[in-house]
There are 2 protein chains.
Amino acid sequence: MKLAILFGGVSYEHEISIVSAIALKKVLSGPLDFIFLDAEGGFWHIPADKMKSNHFSTGAYKKNDPLALGRGGFKKRGLLKAKRLEADTVLNLVHGGQGEDGTVASLLEFFDIPYIGPRREASVVSANKWLTKLYAEGVEMPAVDWQLLRIDGPRALDFDLPVIVKPLRLGSSIGVSVVRKPEELDFALDVAFEFDDEVLVEPFIEGIAEYNLAGCRVGDEWVIGRIEAPRKKEFLDFDQKYLDFGRTEGVQEADIDATLKADLIDAFKKVYAHTFEGALIRCDFFVASGEILLNEINPIPGSMANYLFDDFAGVLERLSSHLPKPRAIRPDYAYIEKVQSAKGPKIGNG
Amino acid sequence: MKLAILFGGVSYEHEISIVSAIALKKVLSGPLDFIFLDAEGGFWHIPADKMKSNHFSTGAYKKNDPLALGRGGFKKRGLLKAKRLEADTVLNLVHGGQGEDGTVASLLEFFDIPYIGPRREASVVSANKWLTKLYAEGVEMPAVDWQLLRIDGPRALDFDLPVIVKPLRLGSSIGVSVVRKPEELDFALDVAFEFDDEVLVEPFIEGIAEYNLAGCRVGDEWVIGRIEAPRKKEFLDFDQKYLDFGRTEGVQEADIDATLKADLIDAFKKVYAHTFEGALIRCDFFVASGEILLNEINPIPGSMANYLFDDFAGVLERLSSHLPKPRAIRPDYAYIEKVQSAKGPKIGNG
């Protein structure tokens, strides 16, 4: 397997994606291609030794080779004809925006490019936090209670304070606030509505236990990394999230009993289901009064949560050989031919 | 407005889409571009006088000009440089498959091409019948009861016969059967599993009243066509659906009382919500014991349900000037620059 890491993208997490790609360069030793998706929608082939953050912030990447989407892979214009990149599998590392909302999945599928990452349905149900709640109900996974507010609708809360306010379609804590006093509500909603016409409000549960699990299914087997109890913080602010996306150092498994561990793993499998096949995802769970609640699905976790796996490269290798294959559909013209042989070529008024 | 009709696509409804495009040529008198998406994923510019079904079934379209996706519109290779098609708005008429599952929406959005049709989220929640049920719950719209079966799971039914069995992600009645006797169940499921790993089973309600409504929101205004009571049939088989997709003759509004009419319109608006903005959709409802139940959402109805509108061209014209605009996101490098000015260029290990 030769992997191409696709990163960047038009999103608030553009920079995070760069940091994440640099982290993966550190932890993956094999040969890698790096494909940068810039803010104008252009693709660029970045040499490994240029994978430094200022290569992108200064615009120096524009001296590298542009790439185009082509059937079966990204293509580079050659002297005589377009040449395909060697990589056989793309790792979608475009955090947020186009990477997680299903745009990148659609592009890669349309052009028959094999990829690790959430498929379109998985992307849509995890990028939109309201659909995540509906999806959780569908797979019978309890989640934190919620209410949906619209930018042009009433602002009456269904819950007592404190609540947490989240733009519906953004990741990485952007536009998120905890509201403790009634007079803070309007400002928090105004901020969130800067980013989305719809906002999710949830009761904020002080000091709740949180556990993160990352993993994937390869064929009939589950690969699930060490369970992490993330640092206790209300929620990570944007700067902390950035640091988080550059993580490469392994973490210790959370100190929890065997029952909770087994229950968390079951919860992960329930959420992953068949929907997330082809992706290595991270699920963040809360545990309150013994009940496990889904908080969030990260279908493209920061630095792919590499720090939770002993053999991260091996996980990607195995996953890449078990990617979901869409059923082949070969359109034919059976109906048109039938009608034409019966009536002569009369369909169409041209 | 100059409209480009995008049709074809890799789906079981490839031919239907051709029939539908030919029907639209009949009902839209203004200048139109026709863009054919063939079974290999190639785009072709079809002259209006070639819009006959055998132009596609014989492969003659390959003598027309190939098109490429380009920023802001489809492009044709010129003698010196690529030339953009004149059309300013694409009408997504790719029924089923790529057209309705969010692939086409993603391609058009990625390339900043304005289009009439369901957005990605709308596509995903209508193409997957299980997500449609969850979505209906989310917008508090009652739907027919249901159960999900997987290809590798048990086949025990939650309902008494008769039931209707549907592959999860196909439209146009493909793979759908009504099961009346226990001995018919396995065959019906085998057929459905030919098309999808997941199958939806619903109680089949004999002789239920059915009503179809098509429409869209343009700005703050609703445009809803005549309510149709479709011909009484168990369900339309594939040949009948084909004929249906070529419809251009206006139909009479169903003979229903004012209360039911108002309730059906309310139900339509509930389903359309904000999710389907930018699209002209058709919703099929059942009415049982006075209750309205959502049966199906068709985000790209056959021949765009033109026959339900008095001024169909005007509806498209108005819709095209009220397409949803994604919020502009301009990635910046504020974080990387901050880190670099504090620490020197140390991010990245190259």
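A salt bridge is a side-chain nitrogen of Lys or Arg within 4 Å of a carboxyl oxygen of Asp or Glu. The model is predicted: local features need pLDDT of at least 70, side-chain atom pairs count only at pLDDT 80 or more, and totals for chains, interfaces and linings use all residues. Residues are numbered from 1 along each chain as its sequence is written, chains are lettered from A and ligands numbered from 1 in the order in which they are written, and side-chain values use heavy atoms, without hydrogens and water.

**View 1. Salt bridges link chain A and chain B.** The rule finds seven across this interface. One joins the side chains of A:Asp197 and B:Arg327, at 2.2 Å from N to O. Helix H1 of chain A (residues 14-27) gives the most to the side of chain A that touches chain B: seven residues. Helices here are DSSP runs of H or I, at least four residues, numbered from the N terminus.

**View 2. Chain A meets chain B.** Each chain brings 75 residues to the contact, meaning heavy atoms within 4.5 Å. Together the chains bury about 6,200 Å², 59% of it on carbon and sulfur atoms. Buried area is the accessible area (1.4 Å probe) lost when two parts are put together, summed over both. A:Phe110, A:Arg327 and A:Tyr335 supply 12% of the area that chain A buries against chain B, more than any other three residues.

**View 3. Chain B holds an open sheet of eight strands.** Strands are DSSP runs of E, at least two residues; two strands pair if DSSP finds at least two bridges between them. The order is E6-E5-E4-E3-E2-E1-E7-E8, with mixed pairing. Strands E6 (83-84) and E8 (115-116) of chain B are the edges, each pairing on one side only.
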